[in-house]
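Subject: Structure for you to look at

Hello,

Here is the structure I promised. Please open it beside this email and follow along.

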Amino acid sequence: MIKQRTFAAIDIGSNAVRLLVSTITEKEGMETNFRKTSLVRVPIRLGADVFLKKKVSEKNTTRMIDTMHAFNLIMKSHGVEKYKACATSAMREAENGAEIASIIKEKSGIDIEIIDGSHEAAIIAATDLHALIQNDCNYLYVDVGGGSTEYTMYSNGKTVTSRSFKVGTVRMMEDLVEHKTWEEMQQWVKDITKEFNDIDLIGSGGNINNIFKTSGKKTGKPLSLKYLKEYDEKLNSYTYEERITELDLKNDRADVIIPASKIYVNSMKWAKANWIHVPQIGLADGIIKSLYNESKRRKKA
């Protein structure tokens, strides 16, 4: 007998806000199937407010309320059983973050949880990373967002350590990343990876997903450092307008992809990695998985 359930995840990032609706199909004797039914992305750029002025502006508060109201209607139309909304770097640093979350709850009915960097990394790790991570290999997982970069080191199938840095694409574009913070991140990656041989990177985030799609590689095949460096050089040789017209990038992707590419390329160099795997997952996928696992645990209890 087949059983289908529908869950939703809302990822409130520093660059964009996303709604992912997933249909989960269960059948006895078969692996549970997670299928993306709907994905909506709105580039609100909360980080541009918060990292400069420490607050979410009135304009973006209104946009957030409208967006959450729309997301609520989309979830109703899909018959969503349960959802979870998580806000990351921008909202947790905003002086009015908790106040905005309260207003959104009142106006749209969407309950937002503001999470820290380690919680964010743990949710993403709940995705299908385990299917990629082989027990006899070493991996440095890198998730690049608008406000922060999360690292997790895996060895022999287990988590060694993780760390979050306030180095993100929107911060870098606004020139808000101090040189010492970049150096600290560089040193941490070098220190944590030096005792391991043959490290591969695992990259997540909208920008590396976009780079992977552009490469034409088959799903499951990694990108080389050589390819990433060449693509980084290509990106930097184009103007913002040319990246939109000639590389077919969205307006809100054509600028943030530059600092994101820099972070991935440098992370590979610091870790002495030649390959980066791109499973095309993110926080929203992790939220869906955690909601499903929670429901299974409650059923057993």
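In which hand, left or right, does H2 pass H4 in their crossing? The crossing is right-handed. Keep in mind that this is a predicted model.

**The helix pair**

Two packed helices are described by the angle between their axes and the distance between the axes. Here, helix H2 covers residues 58-78, and helix H4 covers residues 97-108. Their axes come within 9 Å. They cross at roughly 45°.

Now find the residues that touch. H2 brings Thr-61, Met-64, Ile-65, Met-68, His-69 and Asn-72 to the contact. H4 brings Ile-100, Ile-103, Ile-104, Lys-107 and Ser-108. By class, the contact has 6 nonpolar, 4 polar and 1 charged residues.

**The largest pocket**

Next, turn to the largest pocket. It holds about 870 Å³ of space. Its lining has 39 residues. Nearest its centre lie Arg-18, Gly-205, Gly-206, Asn-209 and Arg-253.

Which elements give two or more residues to this lining? They are strands E2 (17-27), E3 (33-42) and E6 (138-144), with helices H9 (206-215) and H13 (283-300). H9 gives the most, with 6 residues. By class, the lining divides into 9 nonpolar, 18 polar and 12 charged residues.

Best wishes

Technical notes:
Residues are numbered from 1 along each chain as its sequence is written. This is a predicted model: local features need pLDDT of at least 70, side-chain atom pairs count only at pLDDT 80 or more; totals for chains, interfaces and linings use all residues. Side-chain values use heavy atoms; hydrogens and water are left out. Axes are lines fitted to C-alpha atoms, for helices over the stretch in contact, and angles run from 0 to 180 degrees between N-to-C directions. Helices (H or I, at least four residues) and strands (E, at least two) are DSSP runs, numbered from the N terminus. A crossing is left-handed if the near helix is turned anticlockwise from the far one by less than a right angle, and right-handed if clockwise. Contact means heavy atoms within 4.5 Å. Ala, Val, Leu, Ile, Met, Phe, Trp, Tyr, Cys and Pro count as nonpolar, Asp, Glu, Lys and Arg as charged, and the others, Gly among them, as polar. On a 1 Å grid over the protein atoms alone, a cavity is a set of points where a 1.4 Å probe fits but cannot get out, and a pocket is an open set with protein on both sides within 12 Å along at least five of seven lines; lining residues have an atom within 4 Å of a point. Grid points are joined across faces, edges and corners, and a volume is the space filled by probe spheres set on the points.
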